[in-house]
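Reader: Please show me how to read a structure like this one. Where do we begin?

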Amino acid sequence: MSRFDRVIIADWSAASARSPAKPSADAIWLGSPGRQSRYFRTRQQAEAALLAEINSLPIGQRLLIGFDFPMGYPAGFAAQLTGQPQARAVWAWLAARLQDDARNRNNRFEVAAEINRLFGSSLIRGGPFWGRPAGLALPDLPARKTIDYPSLGLTERRAVERLVPRAQAVWKLYTTGAAGSQGLMGQAMLHRLAQLPGVAVWPFDRADTRIVLAEVYPSLLAAEVADDPAAIKDEAQVRLLAQALFRLSQGGGLAPLLETPAVAAEEGWILGADHVAALRGALA
């Protein structure tokens, strides 16, 4: 069941305004083998496009969609926030609170500040998230990392981020390379997509359904992306990773990438994190 008929890779964005009309970097891109990569100015437009892909999938075919945002948090966070040690509980919690309009305006920093307040106590000040624009007055969300994670009963990085040191910690919301904001916005969308019939989210679910959603990290193919002639790095990333995963799937080589340690059931995992050679070989 590790063979997929289609693969889509999504380079997500947590931008607070619509991306430029001209295809640009640091925006949303969808890449799929055999198709021209698609550019979206807003999350609502991209989510609608993905929903259309899911709903139009021919009977008997399977679809893998990879998203480049963290789908979980270090062990212990979900239980502290929601009372349930499950990533799905966090997705539902976020979906109920995050606002995101047709122009990309959203309240992700305010929601992160709310989470930090919930983690605060008379002995411990603040919670795990950090990073915000300097002009945004949110006392419960520090602009810089000042958090003592062991005092919160958490680690700074997930197990998969210790395996892939280039991946940013999920708590960082702002400045260069931050993936935390994409995680907040993306997990709210995951909650909606995961309600659809036949949709599984790996590795929290078994990857044997018609549609499987998974976390990816396109920078695993940084060398190949750097050598690609594409004018926009983001477009090259989604196109090349989609091609690599599709070729592995078609050749029966995807199954090893779907094997994960036990901690992944709570924290999530990057598809192919410990199989970079296989991904690169698929493009050779």
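This is a predicted model: local features need pLDDT of at least 70, side-chain atom pairs count only at pLDDT 80 or more; totals for chains, interfaces and linings use all residues.

Reader: Which strands are joined to β2 by bridges?

Author: First, the terms. Strands (E, at least two residues) and helices (H or I, at least four) are DSSP runs, numbered from the N terminus. Two strands pair if DSSP finds at least two bridges between them. Here, β1 (residues 6–11) is joined to β2 by 3 bridges, and the two run antiparallel. Another 3 bridges join β2 to β3 (residues 38–40), also antiparallel. Take W29 in β2: D11 has W29 as its bridge partner, and W29 has Y39 in β3 as its own. Between β2 and β3 the hairpin has 6 residues, and G34 takes a positive phi near 85°.

Reader: Which way do the residues of β2 point?

Author: I28 and L30 point one way, W29 and G31 the other. All of them are buried. Buried means under 20% relative accessible area, exposed over 50%, and partly exposed in between (1.4 Å probe, protein chains only).

Reader: What does A27 touch?

Author: Contact means heavy atoms within 4.5 Å. A27 sits in the loop between β1 and β2. Not counting residues up to four places away in sequence, A27 touches D11, W12, S13, S19, Y39, F40 and D234. D234 is 207 residues from A27 in sequence, yet their C-alpha atoms are 8.0 Å apart. A27 is buried, because its relative accessible area is 0%.

Reader: Is D228 buried or exposed?

Author: D228 is buried, since its relative accessible area is 17%. D228 is found in the loop between α7 (222–227) and α8 (233–250). A polar atom of its side chain lies 2.9 Å from the backbone nitrogen of A230. Leaving aside neighbours within four places in sequence, D228 is in contact with A236, R239 and L240.

Reader: Where does E110 lie?

Author: E110 lies in helix α4 (residues 108–119). E110 is partly exposed, because its relative accessible area is 34%. Beyond neighbours within four places in sequence, E110 is in contact with L136 and L138. From E110 to L138 it is 28 residues in sequence, and 7.4 Å in space, C-alpha to C-alpha.

Note on methods
Residues are numbered from 1 along each chain as its sequence is written. Side-chain values use heavy atoms; hydrogens and water are left out. A polar contact is a pair of N or O atoms within 3.5 Å; within protein, one must be able to donate a hydrogen and the other to accept it, and residues adjacent in sequence count only if both atoms are side-chain atoms.
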